[in-house]
Amino acid sequence: MTVPMPPSLVTIDASEPLEKIYEIIERDGGVVVKNMLSPELLAECMSAIEPHFKTRETYTSKATHDELGADFFPEGSKRVYALLSKIPDQLTKIMRLDVWQGIMSRFLSDEYYSYTGETLLPQKSGYMLASTAALRLVPGAKPQPLHRDQIAYMVRPDPSNPLFTPMVGCLIAGSKCTYKNGATAVIPGSHLWGPDRAPKRSECTYAEMEPGSALFCLGSTYHAAGENICEPTDEDALRTLFAVFAQRDYYRQDQEEILSTPIQIARRLPEDILKLSGYHKAVGGVGYVEDHQSPHEFLQADYGLGQFGAGAHAIKNAL
């Protein structure tokens with residue numbers, strides 16, 4: 001009996017019309033977009049993140065054990081979180097790419113209508129940054145369990161609205177990504193599964209990518225980091241990805257950017273990046289401070305949000 005091969009991921013160039021990319025994601029739950037980063041931007045990102053990797057040991061934090069289990073982040077990875085605070089200029093360029101914005105807007109924005117009294121009020125929702133990280137697998141890294149990223153948002157799959165997801169993942173290849181060095185395992189079509197079907201490794205294909213390519217996955221698509229079976233002397237022994245995830249703007253932000261980013265860096269971020277990073281209210285109004293104002297209105301103030309930088313400095317000096 002012939003065992004059927006799992007469906008492969010489609011690879012499409014970033015120059016193709018966005019509608020073609022959307023159609024593939026709707027059907028498969030994910031896609032590899034090649035040439036998303038220019039060689040110049042890719043080199044910038046790798047140069048900027050390398051000093052942070054040099055100070056990192058392999059990941060041993062137990063902070064996620066209660067919610068995700070002890071094996072969710074297996075041994076053998078180096079992880080640098082909160083990229084807005086570490087490589088803000090490069091992250092800004094990524095978040096401004098037409099492909100990144102187009103995909104996030106298509107799958108994370110919505111329109112609603114609701115009565116306030118007798119007035120039918122149109123309501124819209126947008127998207128925002130969910131979390132960012134640089135992820136490196138070193139030789140010997142163990143495979144991650146297959147999972148849906150939307151697990152953290154407590155969203156159940158809805159057969160009547162199968163494309164609804166609270167977030168979309170974007171994993172950008174900083175290095176060559178191969179099966180051998182831990183390319184991401186993905187199950188195309190699993191975004192259409194109900195909650196009772198368990199994923200199997202035999203159903204996976206692997207997002208092998210050239211540097212500068214990106215894997216986009218809906219939050220409902222099963223995937224996992226692969227296993228790095230390289231020798232330390234192999235040319236492509238280190239697998240490096242940049243995670244630039246987005247989410248619907250009315251959910252609690254997966255990674256608290258305002259608390260993760262020093263106030264001095266936030267004050268120099270462009271307005272469009274502040275908006276995407278959680279410093280503005282959601283389109284529908286959630287996330288306000290004081291008299292329903294956006295947090296960014298207090299960035300330059302000497303109270304409220306504007307105190308974060310000065311307050312932290314004063315506390316540090318007092319200790």
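What follows is a short tour of the cores and the salt bridges.

This is a predicted model, in which local features need pLDDT of at least 70 and side-chain atom pairs count only at pLDDT 80 or more, while totals for chains, interfaces and linings use all residues. Residues are numbered from 1 along each chain as its sequence is written, and side-chain values use heavy atoms, with hydrogens and water left out.

Let me begin with the interior, where a nonpolar core means a set of buried Ala, Val, Leu, Ile, Met, Phe, Trp, Tyr and Cys residues joined through side-chain atoms within 4.5 Å; buried here is under 20% relative accessible area, exposed is over 50%, and partly exposed lies in between, with a 1.4 Å probe and protein chains only. The largest nonpolar core has 50 residues, and W100 and F216 touch the most other members. A second, separate core of 20 residues has L9, C177, A183 and A207 among its members.

Turning to charges, a salt bridge is a side-chain nitrogen of Lys or Arg within 4 Å of a carboxyl oxygen of Asp or Glu, and a search of the whole structure finds twelve. In one of them, R197 pairs with E203, with the closest N and O atoms 2.7 Å apart; R197 is partly exposed at 41% relative accessibility, whereas E203 counts as buried at 17%. Another joins E256 and R252 at 3.3 Å, N to O, and here E256 is partly exposed at 31% while R252 is exposed at 69%.
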